[in-house]
Amino acid sequence: MLGYIMYGEGPKRPELGERQLSGGNFVTLRLGLHPRPNGPLALYRARQGARLLRESGVRTAVFPVDFPYTALFIRQGILPVDTLPLRRAMAAPLTRRRLERLGCQPTQAVVAVSGERATREILETAKALALSYRYVLLSARGGEDFARTLRREYGISLLLDPSADQIDRADALVLFAPRGDLAQDNKILYTLYPGGEAGRGRLPLCLPKALEDQTESNCDREQLAAALYGLGVLPLETLLAETDSTL
């Protein structure tokens with residue numbers, strides 16, 4: 001079960017409920033503001049709310065923005081929805097859209113994908129881009145078998161183990177792990193690792209306006225987008241269209 005935490009004007013004691021958003025079902029927790037959010041009574045009620053969610057079978061929830069009890073809820077076994085899988089799923093198609101907008105031709109654009117090792121997500125991203133662009137650089141341990149398969153099945157050649165200078169000159173760079181040796185001033189940059197969403201390479205997530213209007217002003221809508229995508233009720237194309245319109 002997925003949770004949905006509402007923090008603002010509300011009951012003094014935490015209350016459970018249910019809510020449906022865009023076809024996704026959530027167990028809700030309403031937690032009222034307290035004049036002393038770090039006081040013993042407020043902390044007690046926060047722990048009580050986390051316990052109620054956990055006892056309802058919730059382990060992951062959509063949290064409010066600037067929620068003062070995030071660390072407390074995590075200690076109680078309730079984690080915020082992870083947005084990284086959705087950002088990674090969007091990286092290749094969003095890169096294509098942005099390259100098209102910049103007028104970069106498929107036979108001329110250079111795209112780089114970099115990570116520590118050749119995981120499924122990295123290889124899927126590299127394949128999606130390699131099917132659209134002639135020049136794709138892949139920097140990830142263990143990518144040799146994947147490159148041979150692409151060459152055999154699709155006639156596509158990847159450049160493996162590119163230098164830092166080659167990556168810096170790429171039109172687009174999709175980073176799955178930090179790289180201190182790169183300038184990261186590519187025309188298009190996505191930093192798709194924990195903490196990478198804080199800088200220039202952040203890949204934003206946007207909900208349809210009609211759905212935004214159904215949420216509280218302090219709802220973390222990126223977490224909600226990831227939750228609904230994970231539930232299979234919000235298609236990737238819808239999220240791509242909304243995000244693309246803001247870039």
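Visitor: Which residues of α3 and α4 meet in this structure?

Guide: In this predicted model, P85, R88, A92, T95 and R96 of α3 meet E121, T125, A128 and L129 of α4. By class, the residues of this contact divide into 4 nonpolar, 2 polar and 3 charged.

Visitor: At what angle do the axes of α3 and α4 cross?

Guide: The two axes cross at roughly 15° and come within 9 Å. An angle under 35 degrees counts as roughly parallel, and α3 and α4 are therefore roughly parallel to each other. The handedness of the α3 and α4 crossing is right-handed.

Visitor: Where is empty space left, and how is that shown?

Guide: A probe the size of a water molecule is rolled over the atoms, and this shows where space remains empty. Here the largest pocket holds about 150 Å³ of space. Its lining consists of P85, R88, A89, A92, P93, R120, E121, E124, T125 and A128. The elements giving two or more residues to that lining are α3 (84-101) and α4 (120-130).

Visitor: How many residues of the pocket lining are nonpolar, polar and charged?

Guide: The lining of the largest pocket divides into 5 nonpolar residues, 1 polar and 4 charged. Among the lining residues are P85, R88 and A92 of α3, which also take part in the contact with α4. On the α4 side, E121, T125 and A128 line the pocket and meet α3 as well.

Visitor: What is the angle between α3 and helix α8?

Guide: Helix α8 covers residues 221-231, and its axis crosses that of α3 at roughly 75°, the two coming within 9 Å. Angles of 65 to 115 degrees count as roughly perpendicular, so α3 and α8 are roughly perpendicular to each other. In this contact, L86, R87 and A89 of α3 meet E222, A225, A226 and Y229 of α8. The contact residues divide into 5 nonpolar, no polar and 2 charged.

Visitor: How far apart are the axes of α3 and helix α9?

Guide: The axes of α3 and α9 (residues 236-244) are 10 Å apart, and the helices pack at an angle of about 50°. That angle makes α3 oblique to α9. The crossing of α3 past α9 is right-handed. From α3, the contact takes in L86, A89, M90, P93, L94, R97 and R101; from α9, it takes in L236, E237, L239, L240, A241, T243 and D244. These residues divide into 9 nonpolar, 1 polar and 4 charged.

Visitor: How many residues separate L33 and V58 in sequence, and what is their distance in space?

Guide: Sequence and space are read separately for such a pair. L33 and V58 are 25 residues apart in sequence, and their C-alpha atoms are 22 Å apart in space.

Conventions: Residues are numbered from 1 along each chain as its sequence is written. This is a predicted model: local features need pLDDT of at least 70, side-chain atom pairs count only at pLDDT 80 or more; totals for chains, interfaces and linings use all residues. Side-chain values use heavy atoms; hydrogens and water are left out. On a 1 Å grid over the protein atoms alone, a cavity is a set of points where a 1.4 Å probe fits but cannot get out, and a pocket is an open set with protein on both sides within 12 Å along at least five of seven lines; lining residues have an atom within 4 Å of a point. Grid points are joined across faces, edges and corners, and a volume is the space filled by probe spheres set on the points. Helices (H or I, at least four residues) and strands (E, at least two) are DSSP runs, numbered from the N terminus. Ala, Val, Leu, Ile, Met, Phe, Trp, Tyr, Cys and Pro count as nonpolar, Asp, Glu, Lys and Arg as charged, and the others, Gly among them, as polar. Axes are lines fitted to C-alpha atoms, for helices over the stretch in contact, and angles run from 0 to 180 degrees between N-to-C directions. Angles under 35 degrees count as roughly parallel, over 145 as roughly antiparallel, 65 to 115 as roughly perpendicular and the rest as oblique. A crossing is left-handed if the near helix is turned anticlockwise from the far one by less than a right angle, and right-handed if clockwise. Contact means heavy atoms within 4.5 Å.
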